[in-house]
Amino acid sequence: MTTEQRERKPEWIKIKLTTGENYTEIKNMMRSKTLHTVCEEARCPNIYECWANRTATFMILGDICTRACRFCAVNTGMPTELDLKEPERVAESAEQMGLKHCVVTSVARDDLQDGGAMIFAETVKAIRRRLPFCSVEVLIPDFMGNEDALRVVMDAKPDILNHNVETVERLSDRVRAKAKYDRTLELLRRAKEMQPQIPTKSSIMLGVGEEWDEILKTMDDLRAVDCNILTIGQYLQPTKKHLNVEKYYHPDEFAKLKEEGMKRGFSHVESGPLVRSSYHAHEQVQSATKATAAQQA
């Protein structure tokens, strides 16, 4: 594939630019409380739509990641920030926004013994104190396989535990930094073992060189550890220093992958060119809750 072909985006990759009152209000609030969002740091294509609808994914533990994954636009380096008051500020913002579903993620903090697990847990608790009827989803790093750190998060009982596999097994070491395919599956397995009632979730991005059969195998691997929710989206190169896009998948292919995922038993599959891990997250938690209730009936 030539450079020209790689850079030419198809017509269905369209970003809706909506910078109205809600967008401006959320942006100003995040700055006033010294908070970060993955929406901004990862250059999410849905930021305008989500912020206009008063939905945001909080990114805790600073904005500098200790890893340098080849697909991610978040700044990398050695973090200095560890703010013990951050959980309360996130909760204040969630309350001010009147959220019914709150998503909390972070940079990878391999410099911390627990990878930041304690701050995740305190953020979940702080949100629950202020918004008892708000569901809370955490999108966590792998904590370098630290089971005790994972237990700290699971003991806080988030409504959804999200950890992304990102890509197929063959490409994992090339695409991700330090994270391992098998470690991701093991984390999802352990999370369900610790808290069987909490739905788990993962995400696959397409366009970095994977084959169709490998995508299906990744689905099978996720279902083998009882992962409940799957999101599938198109990788978009954030800068020229990041991985090239090897293929743009057609919306019909995403629709077919949604069918394949539902056939395999996921309670919810969100699949489309601009889908990201937290896109329509409020709908995903509703689907997962209904599926869990049906299983327990």
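1. A residue is termed buried when its relative accessible area is under 20%, exposed when over 50%, and partly exposed in between (1.4 Å probe, protein chains only). By this criterion Ser271 is buried, because its relative accessible area is 18%.

2. The model is predicted: local features need pLDDT of at least 70, side-chain atom pairs count only at pLDDT 80 or more, and totals for chains, interfaces and linings use all residues. Residues are numbered from 1 along each chain as its sequence is written, and side-chain values use heavy atoms, with hydrogens and water left out.

3. The protein contains twelve helices and ten strands; these are DSSP runs (helices H or I, at least four residues; strands E, at least two), numbered from the N terminus. Of its 297 residues, 54% count as buried.

4. Ser271 belongs to strand β10 (residues 268–271). Leaving aside residues up to four places away in sequence, Ser271 touches Ile232, Phe254, Leu257 and Lys258, a contact being heavy atoms within 4.5 Å. A polar atom of the Ser271 side chain lies 2.8 Å from the backbone oxygen of Phe254.

5. Helix α6 (residues 117–130) has 14 residues, which at 1.5 Å a residue should span 20 Å; the end C-alpha atoms are 21 Å apart, in agreement. The expected span is 1.5 Å times one less than the number of residues.

6. Among the buried residues of α6 are Ala117, Phe120, Val124 and Ile127. The cover over the buried residues of α6 includes β2 (57–60), α5 (86–97), β5 (101–106), β6 (135–139) and α7 (147–155).

Definitions and conventions
Polar contact = N/O pair within 3.5 Å; in protein donor to acceptor, adjacent residues only side chain to side chain.
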